[in-house]
Amino acid sequence: MNHLATEHELDTPALDVAGIRAQFPILERQVHGRPLIYFDNAATSQTPLAVIDTFRDYYSRYNANIHRGLHTLADEATAAYEATRETVRSFLNAADRREIVFTRGTTEAINLVANSWGRANLEAGDEVLVSLLEHHSNIVPWQLLASQLGIKVKVIPVDERGVLDLDAYRALFTERTRLVAVNHVSNAFGTVNPVGEMATIAHEHGALILVDGAQATPHQTVDVRAIDADFYAFSGHKVYGPTGAGALYGKAALLEAMPPWQGGGEMIKSVSFEVPTTFADVPHKFEAGTPAIAEVIALGVALEWVRGVGLDAIGAWEARLLERATAAVSRIDGLRILGTAPHKAGVLSFVVDGAHSQDIALLIDQLGVAIRTGNHCAQPLLAHFGVTATCRASFAAYNTLEEVDAFADALERVIGMVR
Ligand code: C6P
């Protein structure tokens, strides 16, 4: 495929993609006899050796429960776990390590806010604004509160490009609006939302803002203080880390005022049947039970790895991959891209006339290409655009322009087969 460098491409800072790829053993594997092209990074990204090795190191040398023991292994495990808290703090530019609560991921972080802050602060008639771009994990927890507490969930609309309508957003506020829950980057369309501006507007109306950062943290530098987010959630497994570990950032004053949402070991100060049980200080009051210790430590390694590569360089490289992929698939007859926002992360969602998304994904897998198909846990958004499923290719630092070209060729072949 002929390709002329665009201005954007010429500006792209160098990323040593070959050097990066060498750190991901999974990229060496073959699928159906062909080299794997992994374009399902928005679902989960692959992990570099540094992260994989962390598990071997942890379980070979210092596996122990944390915050409890007075022995060397427990001290080492606790120190490594708490070191990740500092890594996450600086990764998000939070002011204080106490503002970082470890969770299983974005979903659990949002449910924590809904069940702790929501139940303590919301009552019947109060309003939560979510956007049409949300993943189900930032819709359903609020719907559950709606059915249990009688709050109202109102929806910020999007235009035909999948860009949030900020005028409509402003118009949705009433004196009952308590919270805005919005993603930083849409997983289904890739739209990058102006969360800083949205936070300012929310605060002008006396509401808080929770930002779902699951799809932003892998692609851009996040500064929770610059955004002025009240809560910010992300998952480690989308940022080159393991599954089972993610984090919730919350402003210290908010977390301190919030009640625990799960009870158990390590979240208490003292437990008694005679006098009221008292709770640990933040963040520990939100971390009941034995956490995913190895996973959290590996999350810290992943974030250090990402920082070492450079998020600006990663974002610029993915923009170049997206630009190339967009141009290539746009030439395919009957293919329609959903999500054409001017500010997009490396996500390409599309449907093809006369071809089922599922058939495309299954057949392209036979050619070694992994893409996602389905509703991407964003059913209201897809329904609004009149579809039940799209194919989605999503990019990461280790993907190459050659893979994009091979994907576009494979896609044309597959569409030719199913039409
Ligand atoms: N999106 C995707 O393929 P968890 O499962 O808790 O790690 O992340 C949930 C989640 C929340 N918000 C956004 C914007 C997301 O993209 C996701 C996960 C995956 O798009 C799986 S559906």
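**Salt bridges across the chain**

The model is predicted, with local features requiring pLDDT of at least 70 and side-chain atom pairs 80 or more, whereas totals for chains, interfaces and linings use all residues. Residues are numbered from 1 along each chain as its sequence is written, and side-chain values use heavy atoms, without hydrogens or water.

**Exercise 1.** Identify the salt-bridge partner of Lys152 and describe its accessibility.

*Solution.* Step 1: a salt bridge (Lys or Arg side-chain nitrogen within 4 Å of an Asp or Glu carboxyl oxygen) joins Lys152 to Glu127, with closest N and O atoms 3.8 Å apart. Step 2: Lys152 belongs to strand 6 (residues 152-156) and Glu127 to strand 5 (residues 127-131), so parts 25 residues apart in sequence are tied together; helices (H or I, at least four residues) and strands (E, at least two) are DSSP runs numbered from the N terminus. Step 3: Glu127 is buried, at 5%.

**Exercise 2.** Locate Arg85 and Glu287 in the chain and classify both by accessibility.

*Solution.* Step 1: their side chains form a salt bridge of 2.8 Å, N to O. Step 2: Arg85 is in helix 4 (residues 72-92), while Glu287 is in the loop between strand 12 (278-279) and helix 11 (293-309), 202 residues apart. Step 3: Arg85, at 1% relative accessibility, is buried, and Glu287, at 8%, is buried. Step 4: a network of salt bridges links Glu82, Arg85 and Glu287.

**Exercise 3.** State how many salt bridges the rule gives.

*Solution.* The count is 22.

Conventions:
Buried means under 20% relative accessible area, exposed over 50%, partly exposed in between (1.4 Å probe, protein chains only).
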